[in-house]
Amino acid sequence: MDFKNDAQIDSDSIDNSAGGPGRGGGGGGRIVLGGGAGIVVLILALVFGVNPGDILGTDSGTGTQTSQSTAVSTSSCRTGADANRDPNCRWAAYATSVNQYWGTQIDGYTKARIKPFSGQISTACGTADSQTGPFYCSGDKVVYLDTGFLSQLFTELGTKSSTAAEAYVIAHEYGHHAQDLLGTLAKAHASGNQTGAHSPSVRLELQADCYAGAYLKWASDNPDDLIENVTSADIAKIVDAAKAVGDDHIQEQSSGRVNQDAWTHGSSKMRVYWTQRGFNASSLASCDTFSTNSLDG
């Protein structure tokens, strides 16, 4: 997977502020742990039976915590050539591409911005740090990303980091943004903090996987997109990433046993199935995880 040298990176897709909540901040949002997000937090939650929100320090929505983050500037990221040259520009490139995709799918689409950081950061959804991993905050419509997290994550879960795997994780988070705009996120959250293989939480995450697959297919086929040269090897890396972040795989690595009742994101088989389903889908209707009980294919 490469970036077209002459393609433009959209500055509106990036939050280069020094810290604190992103633009459009305000209260009432929730951190959405998805893709590769929150793996360390989820391991703790699964092993010790605690609420991930308690670990994350999410609040009732004031968004006023003190930020202790180090901003990762992407202000010099202007073209695909910059993304090929500077690893920090990749995040802005992914955001540009996936925002372009969703602009073709949702009428009146509002872009989500990506906020790279290092350390701890205050958001409209509460305080998060590098252990939270990439996440979407519905309170300020920002995808937050600790830049050093993904390579560590993939290494710990037994797979490798790559631009394709990174694109999958970021696309998953933007899938949550699409769910937010479409009202799916609010409906799933209204059901409470249920867990289990067929819980609203799992359905929400699998749909975001499906959306990520649909985006990646669009990017591979679209000659005008910033991303190019999506190969079969890239698809294999995306599948490996989906397997690595399955609840069963994480549970096996953390405790040596699998407990379906504690699942929040779905098994490796589920995540691979819905990512591939999205990649092969002719429309987003194929990503309706809330109207089927056949979540593992």
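Let me begin with a term: a residue counts as buried when its relative accessible area is under 20%, and in this predicted model C137, with a relative accessible area of 0%, is therefore buried.

Its partner is C125, joined to C137 by a disulfide with an S to S distance of 2.0 Å, and C125 is likewise buried at 0%. The torsion about the S-S bond of C125 and C137 is about 95 degrees, so this disulfide is right-handed. Because C125 sits in the loop between strand 4 and strand 5 while C137 belongs to strand 6, the pair ties together parts that are 12 residues apart in sequence.

The count comes to 3 disulfides, and, with bonded cysteines counted along the chain, they follow the pattern 1-2, 3-4, 5-6. C77 and C89 form one of them, with their sulfur atoms 2.0 Å apart, and here the torsion is about -80 degrees, so the disulfide is left-handed. The bond between C210 and C287 is left-handed too, since its torsion is about -70 degrees; this pair links distant parts of the chain, 77 residues apart, with C210 in helix 8 and C287 in the segment after helix 11.

Note on methods. Residues numbered from 1 in each chain as written. Predicted model: local features only at pLDDT ≥ 70, side-chain atom pairs only at ≥ 80, totals over all residues. Heavy atoms only, no water. Disulfide = S-S within 2.5 Å. Helix = DSSP H or I, 4+ residues; strand = E, 2+ residues; numbered from the N terminus. Buried < 20%, exposed > 50% of the residue type's maximum accessible area, 1.4 Å probe, protein only.
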